[in-house]
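Hi,

Here is the structure I promised to pass on to you. Please open it alongside this email, and then read on for what turned up.

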Amino acid sequence: MDVETLKRLAGEKAVEFVKPGMVIGLGTGSTAVHAVRKIGRMWQAGELPGIVAIPTSEVTAREAEKFGIPLTTLNEQPKVDITIDGADEIDPHFDLIKGLGGALLREKIVAAASRRMVVVSDYRKQVTQLGARAPVPVEVIPFAQRPVTDYLKSLGACVALRLDGARPFLTDEQNIILDCTFESIPDPAQLAQTIRAQPGVVEHGLFLGLATDVILATPDGVEWLKK
Ligand code: 5RP
């Protein structure tokens, strides 16, 4: 089975947890989009009356709008019943690296407001230790690019400014992203705290203690992993 099919199977499976009347966080990325589309089709078929959704990016908002999914904001609905989102790495504790799609700030805000965060992924994202295959994206206000870069380098990271063509990639909040590759991340909580301590850092892609479920698509089938 090709990876695109696995992503679709994972994204769609998670929608089984969505019920009428729920407030739903809509994740961002090539796996989460399959959940958005399935919710959209079910909404159009009248199978999910009363739902409202909070998109984690402008791209996801546009996708949801194509189906007419009713959108809301955390200011109107501060408690989210369920969020379905992808990940770049998942460790055995369900701690994650997210943000290769550039939406980590809104994704983390929505995840933190959610009773349940269901991660949808193909098997390639499973790691024994965070940092094994993905950099940690750090969202930074452009004014602070140089001091934050120097600080992250002092922590041992190899730091790359994320680009969009020849220009810096800008997030939905008009911030830049520094992708930080660490040789290893033995203590993600410590690293998260240390990164956060630097002024100019808006958020980082270490999602610790937020995911409650993982829907993992493998060539042998789709698994539901629960904490
Ligand atoms: C976006 C994210 C995505 O969820 C993550 O990058 C996974 O994306 P994909 O499903 O396309 O591999 O964190 O900011």
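First, the ground rules. This is a predicted model, in which local features need pLDDT of at least 70 and side-chain atom pairs count only at pLDDT 80 or more, while totals for chains, interfaces and linings use all residues. Residues are numbered from 1 along each chain as its sequence is written, and side-chain values use heavy atoms, with hydrogens and water left out.

Helix α1 (residues 3-14) packs against helix α2 (residues 32-44) at an angle of about 50°, and their axes are 7 Å apart. The axes are lines fitted to C-alpha atoms, for helices over the stretch in contact, and angles run from 0 to 180 degrees between N-to-C directions. α1 and α2 are therefore oblique to each other; under 35 degrees counts as roughly parallel, over 145 as roughly antiparallel, 65 to 115 as roughly perpendicular, and the rest as oblique. Their crossing is right-handed, meaning that the near helix is turned clockwise from the far one by less than a right angle. On the α1 side the contact (heavy atoms within 4.5 Å) is made by E4, K7, R8, G11 and E12, and on the α2 side by H34, A35, K38 and R41. By class, this contact has six charged, two polar and one nonpolar residue. Here Asp, Glu, Lys and Arg count as charged, Ala, Val, Leu, Ile, Met, Phe, Trp, Tyr, Cys and Pro as nonpolar, and the others, Gly among them, as polar.

Now to the charges. How many salt bridges does the structure hold? There are 20, each being a side-chain nitrogen of Lys or Arg within 4 Å of a carboxyl oxygen of Asp or Glu.

One of them joins E63 to R37, with the closest N and O atoms 2.9 Å apart. This pair links distant parts of the chain, since E63 is in helix α3 (residues 58-67) and R37 in helix α2, 26 residues apart. E63 counts as buried at 12% relative accessibility, whereas R37 counts as partly exposed at 30%. The cut-offs are under 20% relative accessible area for buried, over 50% for exposed, and partly exposed in between (1.4 Å probe, protein chains only).

D213 and R116 also meet in a salt bridge, at 3.0 Å from N to O. D213 belongs to strand β14 (residues 213-218) and R116 to strand β6 (residues 114-122), 97 residues apart. D213 is buried at 2%, while R116 is partly exposed at 24%.

Within helix α3, R62 and E65 are three residues apart, so about one helical turn separates them. Their side chains form a salt bridge at 3.0 Å, N to O. R62 is partly exposed at 42%, and E65 is partly exposed at 43%. Both belong to a network of salt bridges that links E58, R62, E65, R106, D172 and E173.

Finally, the backbone. Most residues other than glycine have a negative phi. F94, though, has a positive phi near 70°; F94 lies in the loop between β4 (89-90) and β5 (96-97) and is buried at 8% relative accessibility. Q174 has a positive phi near 65°. Q174 sits in the loop between β10 (167-168) and β11 (176-181) and is partly exposed, at 49%.

Best wishes, and enjoy the model!

Definitions and conventions
Helix = DSSP H or I, 4+ residues; strand = E, 2+ residues; numbered from the N terminus.
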